[in-house]
Amino acid sequence: MYETAIGMEVHLELCTRSKVFCGCSTNYGGAPNSQACPVCLGLPGSLPVLNKRAVEFAIKASLALNCEVAPETKFDRKNYFYPDLVKGYQISQYDKPIGRNGYIEFEVEGVTRRVGIRRVHLEEDTGKSFHDVAAERTYLDFNRSGVPLIEIVTEPDIRSSAEAKSYLEALREIMEYIEVSDCRIEEGSMRCEANISIRPTGSSDYGILNEIKNIGSLRGVQRALEYEIKRQTELVSSGGIVLRQTRRWNESELKTEVMRTKEEAHDYRYFPEPDLVQLVIDNSWLNKCRSEIPELPRARRERYVRELGITPYDAEELVADRALAQYFEGVARLGTEPKLAANWLLSDLRRELNQASLAIEQVKLREAGFSELMVLVSSGAIGSKTAKDILGELVHSGVSPAAYVKEKGLAQLSDTSEIEKFVEQAIADSPKIVADYRVGKERALTALVGVVMKLSRGKAKPELVNDLLTQKLNKGRL
Amino acid sequence: MKIYELNASEIHKGLRHKDFSAREVAQAHLYRIEQTDKDLKAFVTVTTEQALRAADAVDAKMSRGEELHPLSGIPVAVKDNMCTTGVKTTCSSKMLESFVPPYTATVVNKLEQAGAVVLGKTNLDEFAMGSSTENSAFFTTRNPYDLERVPGGSSGGSAVAVAAGQAVIALGSDTGGSIRQPAAFCGIVGVKPTYSLVSRYGLVAFASSLDQVGPFARTVSDAAWALEALAGHDPLDSTSVPNAPVDWSQPLDKGIRGLKVGVPREYFADGMEPAVVKSVREAIKVFECLGAEISEISLPHTSYALPTYYIIAPAEASSNLARFDGVRYGFRAEGATNQEELISLSRSQGFGPEVKRRIMLGTYALSNGYYDAYYGKAQKVRSLIKQDFDNAFSQVDIILSPTSPTTAFKVGARVNDPLSMYMADLCTFAVNLAGIPALSLNCGFVEGLPVGLQLMGKAFSEMMLLQAAFAYEQTVKLPQLPVFKGGLPNV
Amino acid sequence: MRLTPEQVQKVAELARLQLSLDERERYAEQLSAVLGYFNMLNSLDTVNVSPTSHALMLKNVLREDQVRPSLSQQQVMSLAPELSGELVAIPRTFEG
């Protein structure tokens with residue numbers, strides 16, 4: 001039997017406004033080569049100046065992954081030639097990454113797994129190449145050149161393709177939560193590479209490492225690793241040897257293929273970047289970054305279940321959307337019963353948001369208003385049907401729910417004498433239904449309730465209507 | 001006296017007294033270039049129109065009665081490794097032969113803002129790698145004292161422009177002596193400032209941890225004005241120091257009574273031309289007569305400066321020059337069928353032999369398995385060299401030495417022996433490695449060729465160096481413009 | 001330390017320089033001489049010396065995360081030796 005050791009290398013584009021070493025915009029979708037300057041084009045004589053926010057994002061990512069943050073660090077040049085690499089070197093960090101020796105925890109099939117984080121470092125992105133096979137040309141756009149990246153490298157602690165996928169999901173959730181990257185794997189703001197080796201179960205040595213690149217989706221990660229585990233296991237079981245290779249995932253043919261072998265491995269000639277100065281991260285800076293990190297998803301989920309009595313499923317749903325969770329907490333803090341609020345948020349409010357294509361941040365009905373609505377419902381001042389009906393309007397208008405209910409006269413009728421009038425009229429107007437009731441057709445009562453509700457324009461409290469009708473009809477029988 | 005013979009302070013006075021206009025000053029220098037540059041070959045590009053326009057702007061400013069900066073209307077030349085918007089910046093390389101940058105180096109911006117009139121871009125050893133300008137891909141600049149000889153390098157074109165009266169002030173860059181050595185060979189003042197005092201933004205990098213831009217001038221006073229204008233923090237250069245502790249308001253003529261002058265014995269050892277040593281010793285006597293306290297000192301790691309420099313500088317250069325790949329700008333080789341070929345063909349055809357040699361050397365020094373033995377070792381020895389200076393400056397204020405072991409050598413004499421060429425900068429490397437300031441000024445002639453005296457000081461002691469140089473200059477009063485040999489008209 | 005023409009060739013490949021056989025020989029000789037001269041550094045004991053990568057010790061030079069104007073697309077494109085529409089063009093690249 002064999003077991004698998006997988007280490008992941010993930011590159012995340014940081015969502016700063018400007019690039020890591022110059023003031024060019026990092027926005028997506030600009031015209032090609034319209035977001036470039038002498039620095040990010042690598043024109044001669046240009047010099048890098050480090051973006052403070054990019055450093056802070058790298059520090060926050062390191063802290064969120066339980067890393068030690070380097071008190072003193074620096075940048076290094078990684079030298080290699082490639083047309084999309086404008087300076088012939090990438091400014092990166094070699095022996096002093098901003099973060100190291102961390103870990104991440106996540107659940108796989110109900111079991112908690114911990115994967116070690118070897119390092120988190122800050123570097124710059126390259127330009128983008130487009131290959132035109134027919135014209136035998138490659139085209140280059142340098143808008144992405146110089147966008148800040150962090151590279152997150154795990155220890156080879158991952159044991160299966162499913163675990164790899166869970167790791168990436170957990171990582172993405174954290175990075176989105178601390179708002180350092182939007183982690184869009186399909187848009188390229190999150191890129192994954194895997195190092196994989198197999199070894200006989202129980203052996204303490206790692207096998208020969210293969211690097212898998214070019215994985216463009218979460219499903220691709222799982223498939224590529226499954227393919228590679230199978231390939232290596234079959235190879236070794238049939239007496240073959242795994243060669244040290246860099247392989248590429250071919251998404252259309254669903255297989256990995258050789259990119260280069262060890263012998264062709266790069267010699268990056270790292271050396272300290274002389275155009276940048278030392279970076280010192282002192283305690284006050286570190287603490288400022290730490291204070292800006294919100295409660296992380298896993299801790300938050302546990303707290304919702306433990307302290308607020310939310311079901312694990314609802315906790316998962318709420319926490320998955322940081323803004324929604326924030327909103328929920330606001331509502332709960334105002335004294336609304338958390339379970340009631342969670343139900344309403346996850347079903348009715350979410351439906352309204354989807355219909356109107358709104359983000360929770362854009363909704364005019366803020367936490368206080370939503371809380372007020374919950375009070376109206378739980379006190380019986382309005383029926384839940386009414387509440388659902390007016391939610392759409394409230395989301396858009398932002399008026400106070402209580403005021404709205406009052407203005408529109410939507411409060412439930414609970415005055416027995418008023419309801420009695422409607423009941424008497426209903427009985428008078430519907431002799432046939434009353435006759436049906438009298439011969440024992442119990443469903444006729446429901447029909448009569450409907451008539452009363454219609455007469456009261458929905459405001460009569462249904463339980464009262466029921467009681468009064470039964471009273472009146474049975475009274476007539478005596 | 002002809003206009004081109006005037007120094008900056010004289011031109012400044014003349015402009016204010018309306019003896020001549022800024023346009024006349026520019027025209028006089030452009031005419032001087034026209035007359036002499038066929039022989040001297042100092043300029044790669046002469047920007048006549050822009051120069052006249054800049055001069056007219058100064059005249060207009062004057063007619064409005066506005067105050068003139070001391071550099072207003074002063075004709076300057078710029079080494080062609082500093083970027084100038086809309087004007088070719090070639091680094092004297094085929095690689096950038098037609099490169100027109102869309103941005104201007106901070107140092108050039110500062111001169112222009114002061115009202116200086118840029119006459120053009122000057123020749124250099126390709127990418128500033130050399131000591132003679134013979135490594136220019138275009139032509140070799142000639143020494144105005146003897147056209148058979150080199151002007152030094154790599155900033156040879158700028159040194160010659162100033163020495164021959166083509167420009168009043170010029171910008172050079174100094175990585176291992178590229179300002180001081182040509183200043184010595186051409187008999188003028190050249191200043192290599194403290195690392196970080198002057199912005200490197202827009203200077204095409206050779207070795208980033210060593211490069212500094214500095215001025216050439218015929219007088220110490222002009223050099224001081226230029227340096228003051230160039231210095232200052234630049235947010236575009238992360239290695240530019242904020243609030244440099246240099247007090248520019250100090251008077252140049254403060255005198256040097258009581259100044260502690262160190263004479264390092266290692267700089268007067270074997271390998272120095274005896275006549276050069278003799279001239280420098282005489283200059284030291286002048287310092288003594290002026291009241292300086294002379295003492296012999298030791299900089300024990302001096303002989304390690306050359307190998308240390310020739311590991312660190314090529315290593316950084318191999319990386320700095322990796323961007324020249326024929327993809328986005330500059331020279332692109334024809335006939336490449338894939339990207340690998342495009343890059344290697346463009347680089348092989350675009351770079352000259354010395355640049356390739358240094359890229360090879362630097363690549364080797366950084367490569368897997370050799371880093372510790374070469375680059376790592378050199379960085380440690382660099383610490384020892386820096387320590388030597390720290391120790392010395394705890395005893396003395398300034399250090400005097402020859403700028404170069406020899407006077408200007410003949411064109412072609414050293415081109416086939418890289419090591420002997422590297423020796424031409426023997427006295428200047430250590431200063432760059434330590435990051436300290438130094439200047440060279442003329443201290444006499446040997447067989448009609450100028451000899452350079454080098455003054456070194458601790459970080460940010462530029463004013464002290466200028467004051468000492470000024471005291472010497474005012475005492476010995478050497479001629480500032482050469483009497484040309486080889487039939488060059490002294491028009 | 002003597003460099004062979006083969007070693008020179010390996011370094012040249014790393015540096016993306018194509019050398020003729022003749023150049024390989026010449027560089028091998030010249031670089032060997034220079035490297036030989038460098039060996040004098042080995043006589044220095046530097047075990048307890050820390051390296052200097054900058055002569056001056058500045059730290060934490062940072063800029064605020066503010067967008068500043070880029071070059072115009074026209075300026076970027078006018079530098080390029082070959083264009084295709086708004087993109088810089090080169091002969092085809094094989095590696096993905």
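The side chains of B:T84 and B:T89 are joined by a polar contact of 3.3 Å; here a polar contact is a pair of N or O atoms within 3.5 Å, where within protein one must be able to donate a hydrogen and the other to accept it, and residues adjacent in sequence count only if both atoms are side-chain atoms. With B:K121, the side chain of B:T84 makes a polar contact of 2.8 Å, again to the side chain.

Before I continue, a word on conventions. This is a predicted model, in which local features need pLDDT of at least 70 and side-chain atom pairs count only at pLDDT 80 or more, while totals for chains, interfaces and linings use all residues. Residues are numbered from 1 along each chain as its sequence is written, chains are lettered from A and ligands numbered from 1 in the order in which they are written, and side-chain values use heavy atoms, with hydrogens and water left out.

Where is B:T84 found? The residue sits in the loop between β2 (75-79) and α4 (106-113) of chain B; helices (H or I, at least four residues) and strands (E, at least two) are DSSP runs, numbered from the N terminus. B:T84 is buried, at a relative accessible area of 7%, where buried means under 20%, exposed over 50% and partly exposed in between (1.4 Å probe, protein chains only). Leaving aside neighbours within four places in sequence, its contacts (heavy atoms within 4.5 Å) include B:P101, B:Y103 and B:V108. Between the C-alpha atoms of B:T84 and B:T106, 22 residues apart along the chain, the separation is 9.6 Å.

I turn to the interface of chain C and chain B. Here 52 residues of chain C are in contact with 66 residues of chain B. The buried area is about 5,100 Å², with 70% from carbon and sulfur atoms; buried area is the accessible area (1.4 Å probe) that two parts lose on being put together, summed over both. The rule finds 3 salt bridges across this interface, a salt bridge being a side-chain nitrogen of Lys or Arg within 4 Å of a carboxyl oxygen of Asp or Glu. C:R16 and B:E340 meet in a salt bridge, at 3.9 Å from N to O.

Next, chain A and chain C. The contact takes 54 residues from chain A and 33 from chain C, and about 3,800 Å² is buried between them, 58% of it on carbon and sulfur atoms. A:F81, A:R137 and A:V277 supply 14% of the area that chain A buries against chain C, more than any other three residues. Of salt bridges, the rule finds 3 across this interface. A:K52 forms a salt bridge with C:E64, with the closest N and O atoms 3.9 Å apart.

Finally, the domains of chain A. The chain is divided into domain 1 (2-285), domain 2 (295-408) and domain 3 (416-477), with bounds from an automatic or database domain assignment. A:R298 and A:E105 meet in a salt bridge at 3.4 Å, N to O.
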